[in-house]
Amino acid sequence: DGSLDGKATQPKANDHSTVKPLKLMRYLCRLVTPPGGIVLDCFLGSGSTACAAVLEGFRYVGIEQDRHYCDISEARIKHWAKVAETERLSQGVLNLK
């Protein structure tokens, strides 16, 4: 899903026209990114690919020209980074950066 909480995305929260399902983007990140690799998204949009990368433990580089979508993607990435960290801690995986 393209939402912050797993529920249907509300247009006022994320009005990007092509929000991708996170489950699909997570699969694609795992499919094409080697362990320790960096995911490059040169059309960041609302950040679905970057969110998926974060959830899969990859670093990412996102490029977006529209400030509005940068704001949306930043909020989504921060949310999913917290979720990912909580999941890793609950699995006993410590991220020492």
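Entry 1, a salt bridge. I looked up Arg 26 and found a salt bridge to Glu 56, with the closest N and O atoms 2.6 Å apart. Arg 26 sits in helix H1 and Glu 56 in the loop between H2 and S2, so the pair ties together parts that are 30 residues apart in sequence. I note for myself that this is a predicted model.

I wrote down Arg 26, Arg 30 and Glu 56 as linked in a network of salt bridges.

Entry 4, salt bridges elsewhere. How many salt bridges are there? I get a count of four. One of them joins the side chains of Arg 67 and Asp 71, at 2.7 Å from N to O. Both residues lie in helix H3, four residues apart, about one turn of the helix. An α-helix has 3.6 residues a turn, so residues three or four places apart point the same way. Arg 67 is exposed, with a relative accessible area of 52%, while Asp 71 is partly exposed at 38%.

I checked residues 48-55 and found eight of eight buried. What do they pack against? I found helix H1 (22-32), strand S1 (38-41), strand S2 (59-62) and helix H3 (67-90). Thr 49 belongs to H2 and counts as buried because its relative accessibility is 15%, under the 20% cut-off. Beyond its neighbours within four places in sequence, Thr 49 is in contact with Met 25, Cys 29, Val 39 and Asp 41. After H2 comes Gly 57, which has a positive phi near 85 degrees.

I found a nonpolar patch made of Leu 24, Tyr 27, Leu 28, Leu 31 and Val 32, with about 480 Å² of accessible area together. Leu 31, in helix H1, is exposed at 55% relative accessible area.

I read the pattern along the sequence as α-β-α-β-α. Of the 97 residues, 34% count as buried.

Key: Residues are numbered from 1 along each chain as its sequence is written. This is a predicted model: local features need pLDDT of at least 70, side-chain atom pairs count only at pLDDT 80 or more; totals for chains, interfaces and linings use all residues. Side-chain values use heavy atoms; hydrogens and water are left out. Buried means under 20% relative accessible area, exposed over 50%, partly exposed in between (1.4 Å probe, protein chains only). Helices (H or I, at least four residues) and strands (E, at least two) are DSSP runs, numbered from the N terminus. Contact means heavy atoms within 4.5 Å. Patches are made of residues with over 30% relative accessible area and no salt bridge: like charges are joined within 9 Å, nonpolar side chains (Val, Leu, Ile, Met, Phe, Trp, Tyr) within 5 Å. Accessible areas come from the Shrake-Rupley method with a 1.4 Å probe; for residues, only the protein chains shown count as cover.
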